[in-house]
Amino acid sequence: MQVQEMPEIRVQRVGQSRINEVDWDNLIFGRHYSDHMFVADYRDGQWTDLRIVPYEKISVYPALIAFHYGQEIFEGLKAYRTVDGKVAIFRPDKNIKRMNNSARRMAMPEFPFDWFMEAMKKLVSIDKDWVPAGDDVALYIRPFMIATDEYVGVRPSDTYKLFIITSPVGPYYAKPLNVKVERKYVRAFPGGTGYAKAAGNYGGAMMPTALAKEEGFDQLLWTDGIHHEYIEESGTMNVFFIINGTVVTPPLTGTILPGVTRDSIITLCKDMGIPVEERQITVRELFEAYEKGILEDAFGSGTAVTIHHIVSITDILPNGERRTIELPSPEKREVSNKLKEVLEGIKRRKYPDRHGWLVYVD
Ligand SMILES: Cc1ncc(COP(=O)(O)O)c(C=O)c1O
């Protein structure tokens, strides 16, 4: 337990802003980084030297534990420009808690909740001119922590650095997704790190995803590691299906990331009187529902993608036989389009924030 008083966050501002380098009418995801970043160091069992400094190169030794043994975790959340011109971060409490859960799983130190909130708000406030206004745009916030001991040997590091960088972004995917059911490779296994936002989870997913892309798909629909039959999630999204009027999504059993967007969608369904279930879904159930004509929708959810429609799901059987579910065109998906409108509307204050999800930055 951290009993330390929060140290003051030192601020060193840039001499010259880079804001004019950004093409604000064509924001590409992950291309530009705002002027400042937050950094804190962990040593001797405590966090010190909290600072906001110009976004710049960092200098580290090649023997860094993060490079060799993957002790690296991160988060992803967004700040929005509300319709009345304010800046608000969407549900940062959830991301702070998830980052600290990831830290525990990876034997890394937690960063105190209040310090995290304060650091994020201060950073976004300093770079608030980088928060774009509009329906598909936001300021993406990327906290991450790396193990910084200079030591080649497998053990948890004694020193760490926490960074928060931010980036003005547009949409993550340009078009609706064609996904392939993955039945050979797995993203996560019971008892593993699937629920943590640990960098290694993403590295391990790259080759199977690249293979699917070579076959013409946009993303994978991961299945469980034991039966290759229970649906888990997809790329950087949780997944939802609408079967016979009920919104269903796989439960949080430790192998999928507990998405903030997922949680928000479940809450909105309850608010809007839409039946919603968190339960296991098999590939077989999906195909049976499709054949019966009751599979109405499939979509992914995530901070980067918001709600993103899936237009086809292909399953390639071990004998090479292919079967494909074709879903209705996205503009016909009334329920998910409404959920998206409300969720995105709350973030920008077009709709009331009944659950207190917005944290304003002054
Ligand atoms: C593997 C994975 N699943 C799901 C999600 C969606 O989570 P969230 O809604 O918190 O962005 C993400 C994105 O962070 C992800 O990386």
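Start at the ligand: select the 13 residues around it, and you'll find G259, V260, T261, G302 and T303 coming nearest (near here means a C-beta atom, placed from the backbone, within 6 Å of the molecule). This is a predicted model, where local features need pLDDT of at least 70, side-chain atom pairs count only at pLDDT 80 or more, and totals for chains, interfaces and linings use all residues. Residues are numbered from 1 along each chain as its sequence is written.

Now colour the shell by element. β12 (237-243), α5 (260-272) and β15 (295-302) each give two or more residues to it, and α5 gives the most, with three. (Helices are DSSP runs of H or I, at least four residues; strands are runs of E, at least two; both are numbered from the N terminus.) By class, the shell holds three nonpolar, eight polar and two charged residues. Here Ala, Val, Leu, Ile, Met, Phe, Trp, Tyr, Cys and Pro count as nonpolar, Asp, Glu, Lys and Arg as charged, and the others, Gly among them, as polar.

Next, follow β15 out of the shell. β15 and β16 (306-316) form a hairpin with three residues between them, paired in the antiparallel sense over four bridges (strands pair if DSSP finds at least two bridges between them). Click F299 and look across to H309 in β16.

Stay on β16. With β17 (322-326) it pairs antiparallel over five bridges, and I313 stands opposite I325. Five residues separate the two strands of this hairpin, and G320 in the turn has a positive phi of about 90°. β16 also runs parallel to β9 (177-182), joined by four bridges; select N178 and its bridge partner S312.

Zoom out to the domains: domain 1 is 10-171 and domain 2 is 177-347, bounds that come from an automatic or database domain assignment. Their centres, taken over C-alpha atoms, are 27 Å apart. Where they touch, 20 residues of domain 1 are in contact with 13 of domain 2 (contact means C-beta atoms, placed from the backbone, within 7 Å). On the domain 1 side, pick out β4 (72-74), β5 (77-81) and α2 (92-105); α2 gives the most, six residues.

Last stop: select A79 and V124, the residues with the most contacts inside the largest nonpolar core, which has 48 residues. Such a core is a set of buried Ala, Val, Leu, Ile, Met, Phe, Trp, Tyr and Cys residues joined through C-beta atoms within 7 Å, buried meaning 20 or more other C-beta atoms within 10 Å of a residue's own. Strand β7 (138-147) supplies the largest share, seven residues.

Notes
Contact = placed C-beta atoms within 7 Å. Buried ≥ 20, exposed ≤ 12 C-beta atoms within 10 Å, placed from the backbone.
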